[in-house]
Amino acid sequence: MTKIDCPVCTTLIRVSGVNLGQKGRCEKCNSKFIVPEHAGEEVEILERGKLPMKAIDCPVCSTMVKVSWGNIGEKGRCGSCNSKFIVPLRPGEEVELLERGVISGGKMRRNPVVKPAIKATRGTALSPKTGKQSTAKAPVKEMATTAGLPATEAKQAEDAGVTGKFKTTSTSPGLRVRSSEAKATSPAVAIGIVCGCVLLVISVLLFTGGEGDDRAKNTSKDSAVVEVEKPINTQPGEVKNLPEPEPEQPVFPGSVAHFDKVIHPLLNRYCIDCHDGVSEEGGVNMERFGSEREALSDPDMWELAADLLEMGEMPPRNKRRQPTAGERKQIIAWINTVSERWDAGALGRDPGRTTIRRLNKNEYNYTVRDLFGFQIRPADDFPEDGGGEAGFDNNADALFLPPLLMENYVESAGVIVHAVYRNQALYTKYLFTFPAGEVKPDEAARQVLSRWASKAYRRPAGQGEVERLVKIFRIGIEKKKQNYREAMKLPLLAILISPNFLYRAENIRPGKEIYRVDDFDLASRLSYFIWSSMPDSELFTLAGEGRLGEPEVLQAQVKRMLSDEKAKSLSMHFAGQWFKWEELRSRTNPDREKFPVFDFELRVSLYRESSLFFENMVRENRSILDLIDSDYTYLNPRLGRHYGIEGVSGSGFRKVALKDPNRGGVIGMGSVLSATSLPLRTSPSVRGAYVLTELLGTPPPAPPMDVPQLPEDDRQLKAASFRQELIDHRFIPACKACHERIDPIGFGLENFDAIGRWRTSHNGRPLDTSGELPDGTSFSSPESLKKILMGKRDLFTRNMVEKTLSYALGRELSPYDRQTVKAITNKVIAGSFKAHVLFSEVVGSFPFLHCRGDSYAPH
Amino acid sequence: MRHIRDVSSNKVSISLMFWPLPPKEPIQKTMSKKPWQISRRHMLRGAGATMGLPLLEAMMPASARAADDSGRYDFDKPKRVAGAAGAEGQPVRFAAFFMPNGVNHADWDVNPGKIDQLSRTLYPLEPVKGYVNVFGGLRNSSGGHDRGTSSFLTGRSPKKTENAAEVDVGNGSIDQLIGTACGGAILPSLELGMSPPRRGSGDGITKIYGSHICWKNANTPVPHELNPQRAFDRLFRSFRTTRASALGKIEPPTPDKSVIDIVLEDAKSLMKQVGRADQQKLDQYLSSVREVEDRIINRREANQERIITPDMSREIHAARRQMTKALGKTRRKDSISAVPQIGYREYGRLMMDVMALAFWSNSTRVSTLMFGDGSHGRNMSFIEGVKGNHHSISHHGNKQGSLEMFSLINTFFVEQYAYFLGKLKGMEEGSSNVLENSMVLLGSNMGDGQSHSSGNIPIIVAGRGGGRITTGRSVRGGGGVANLHRSVLDTMNLKSSLIGGGGGTLGGFKA
């Protein structure tokens, strides 16, 4: 690793092998820390540097403007009057004005923050004392322990205003020069420090045509804190020295030449400094993209990059080297072609392969129920299943089979066989052939076992398999001298612990082909998708006749299955995990002292409301947009009281028309509102993130590492209101960019308390639930928020298609699935958003119907 | 023989180092070759699988297996050994408790040297002060809630990924290594926990990491039992009454060798047709079947090997009654919840009762307990003076009020730990007690919950390891937590250069 970020001010600091594991100090903010030994490890802070000043006065309008590490010594802009100036390095120093703005009339924002200039103005660093422009070239700072530094050099370095911990060295031509510029009070960059989310931290500086090298040795004596690159031009707004794309042939987006000649150089210039294979800022490595072919492999990352580029969040605002507007457009246009190509399927087809997956807990229970017809639920004693990236517990890769679980399987198989034997009716039904007269015991056993193995394995049992089971039977008869009845126990047990029962093993062909899944495998895919259980006799019959794959037959089956009662698995397990009402089982625990009404009955009722709602939507083929907003829900009297809705009498659940437009849809449900709260209070940030992630499919980036939290119990707040405290927190630049998108949504839902009840005041003060999204749309209630979400119905639909497809396939989606997602989304939109269209399309989709050999390659 | 990771081509190789081994067979059994003994190797070769396998004990004819229990155990050449023993021959036990979210060091740290004065948070250890060593300054190989959890007992930094198929923690965890090497009368190790696994991913990291401290090998997490009653029943089958009475007098059938052979053959034939990733999953099936077969067959014999004295029997019955009573009250709520809905303190104590009894009766030598998952967000308001959930409070923002509550939470966990140590101390064994012959680790994934820092993670090791460890000290050192792991293994007479990818033990561990 050669670079780390100062954990306090996020300045980029170059390190060498000597520094690893040793103490270091950041020149800019004077924080002390320990350099980690390996890339990706935490930088442990020993001592935090103090911010020299908290705020400055705008030289034009005198508004107090808050500053942070990212602003010190950099260009800034007053949020009130739009003047541009340079933030001084020390308090009390002159604020050099670059451009005078206009004091606008009207509302001035409270405590405006310094906004670093977005545009790529190549300004100059001021030497604070002299006001002269420094022409210092960015030195390469290397960290050295004082131990390693010869005394004279250390002294020299100190005299130069550089501490003994750092020494500046000259660069050799050809070496990429990096300046330890302030990064990241740009919030996106602070966030990019954190693990693995695909945030790009794009370094501004790059080596540009060798202009800087001969200045390398100049170090301004006074630039104790930050050295900046030699300015490329002297006037703000002017751009020089950019390599123009060679104009010989017209290169158009989408052609390989375009990438090589236009885009790749731009990436090299603006991005790769931070996003290379060594530092991998934000988990993004663009250095591996030597050709367009390689670059195409990660469209999700590119789409995020396009968003950030467009918003001006990347490269980080305080980087000197910024792409011009035109260059930004070029990159974004190219990224759009990447998305388009994937969405159009221009890059090949690949149905993907789901790893062999074992039945999860629920599937095991339901399969046993359908196989034997009784209601014992042995899997309730099994350990909990994990879940994959999308959060579903039917993701093959997240399902492991440890010895503990195997013990449980063995025990459960014993219990099941035992239960069959104790029940005379069941016994007769299952062991239907007894040796009588001409039917020899072996033959009888063979018939019974063949039938039951085929049912249990969900496909016709092979002869070898059946013979193995008969062998066990024979051992019982011959060696242990058991009778028929006794000797059948162990073979039945064997069926229930065979991998053919425990795993959904599809008939995989080796090699390089894409092939259609065979009918029995298709029947299983279908039944485990919609019912979380094994196929029924109708499906088996159709599969046996080879007709299940016919489009009309398949679609008819889908419709039948969606109307069957067993489809409530979709609601409990698919929707429950997606929308999080599953969490009401264990994880959601409102504090019983503060919320004594949240007892077992309420918990179960809230869960039922949600699961009935989804069940019904599917069964009656309603619009999936009901999930965003609906004029009905399912209530029992308890919930009626909870929500303050009158007229719900009697017992049990029934459909209730909603008069209050604030209720309705998933975010009006108490289950979701409780699952998105903390034990003692609501969390607008969690709810906002929930809406963005689960409804719109646009999750916010991860928070930075070192985050203080708000007070636990909102009864103890200092600020005027909880809302105000959150708003105050948003002025921390590291938090702002994301939270100004997340929190307003949560504010719009503050009328719902931590267990989903309606309130208009909080802690004795009236609630202010107004919020404004960055694009300017404002709302002030759940009702208006839902209207806004309705306006984004296409996004929601796409998200739902992705979730449904991922659940149906039991794996994460790959870029090759994008064309499928797009096609299905369009069909659902065209089909009035009806639920059955969604499920039919998913079942009829390419990845659902096909599989591929192990060594298949898309091109 | 170990399998080398082929990093360059990004292939996911299977690290099969810590394959559970069948036990050494008792001498009186016939040493005939089992049908699956050789054929598995053939089978895998035939399937064209490129997995390397450790030379499994079972694949050698029994006569060729060395019955060597002396000297150091080498994980590079796995075979079952006796491990360390105390002065009177009692086996040394190892337990690990995982306490999430770091601590408030101002109240936790103890001055280096002999412990006369315990710190504020550690005062519940006063009764067992003489058995305790406090370690400060150790660094976890990974920071943050999730990866720091998985590296707690493995010593390496887990691979950053959201994809469940790509989980990789570098090597197995020390509890699993010890369990595999030394075995146990009933179970090689007992894994318990108090939070269900989390699903999905966050911040680009799969939640699988934050949900597990035990790893069978680099790619296979070991889930924990959430229900103390079930854990109890696994260990003390003959003491339980619930299921037996429900099923009547006849015992449900259990598989025997013929059944196991058949299902293994089913698996073999399945493996022939599937791809690489599938084979990895089926491998888990195979190894789990074999391990269970071992336990089932062993269990019948083990009840003779495991000696339960009248004192123990009394304790076991008492524990069972208490558990039935406590869990009986919440049966309705528990019907929908994976986690018993009893009070958190009591829940922890029931779990620790099972662990203590497991140690005392020698049902197992290794046990772990996760007090919560890596980001533990449980409501801790039941503690006097605390209002809020664990995770939020651990992000104290350096505010006095939050720091105070954080310290109170830390103290709560130390109390729980002290309860366990007290129990072990009270269990007589020979002329001493179980605590004398144990090593009990308490630690966290992070040093500072506020900044998610991996440095200076809180670590306490209690127990004298069969007389090998000088206790009652506070040691301030440095280096990685892997040094601690290697020291633990060393104290158990097991050697491994594989843990944490390096060498070196923790200075001052044994003193």
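Reply: Three strands of chain A form an open sheet, in the order 8-9-10, and their pairing is antiparallel. Two of them are edge strands, each pairing on one side only: strand 8, residues 75-77, and strand 10, residues 96-99, of chain A. From one strand to the next, the twist averages 35°. This is a predicted model, so every value here is computed from predicted coordinates.

Now take one pair from that sheet. Strand 8 of chain A pairs with strand 9 of chain A, residues 84-86, through three bridges in the antiparallel sense. One residue pair can be named: A:Lys75 has A:Ile86, in strand 9 of chain A, as its bridge partner.

To place the sheet, consider the whole chain. Chain A contains 29 helices and 22 strands. It has 859 residues, and 59% of them count as buried. Among contacts in chain A between residues at least 6 apart in sequence, 67% join residues at least 24 apart.

Helix 7 of chain A covers residues 361-372 and helix 8 of chain A covers residues 403-422; they pack at an angle of about 25°, and their axes are 12 Å apart. Because angles under 35 degrees count as roughly parallel, helix 7 of chain A is roughly parallel to helix 8 of chain A. The crossing of helix 7 of chain A with helix 8 of chain A is right-handed. On the side of helix 7 of chain A, the contact is made by A:Tyr364, A:Val368 and A:Phe372. Helix 8 of chain A contributes A:Tyr409, A:Ser412, A:Ala413, A:Ile416 and A:Val420. Sorted by class, the residues in this contact between helix 7 and helix 8 of chain A are seven nonpolar, one polar and no charged.

A last residue shows how sequence and space can be compared. A:Glu545 lies in helix 16 of chain A, which spans residues 537-545. Its relative accessible area is 47%, so A:Glu545 is partly exposed. Between A:Glu545 and A:Tyr634 there is a separation of 89 residues in sequence, and their C-alpha atoms are 41 Å apart in space.

Key: Residues are numbered from 1 along each chain as its sequence is written. Chains are lettered from A and ligands numbered from 1 in the order in which they are written. This is a predicted model: local features need pLDDT of at least 70, side-chain atom pairs count only at pLDDT 80 or more; totals for chains, interfaces and linings use all residues. Side-chain values use heavy atoms; hydrogens and water are left out. Two strands pair if DSSP finds at least two bridges between them. Helices (H or I, at least four residues) and strands (E, at least two) are DSSP runs, numbered from the N terminus. Axes are lines fitted to C-alpha atoms, for helices over the stretch in contact, and angles run from 0 to 180 degrees between N-to-C directions. Angles under 35 degrees count as roughly parallel, over 145 as roughly antiparallel, 65 to 115 as roughly perpendicular and the rest as oblique. A crossing is left-handed if the near helix is turned anticlockwise from the far one by less than a right angle, and right-handed if clockwise. Contact means heavy atoms within 4.5 Å. Ala, Val, Leu, Ile, Met, Phe, Trp, Tyr, Cys and Pro count as nonpolar, Asp, Glu, Lys and Arg as charged, and the others, Gly among them, as polar. Buried means under 20% relative accessible area, exposed over 50%, partly exposed in between (1.4 Å probe, protein chains only).
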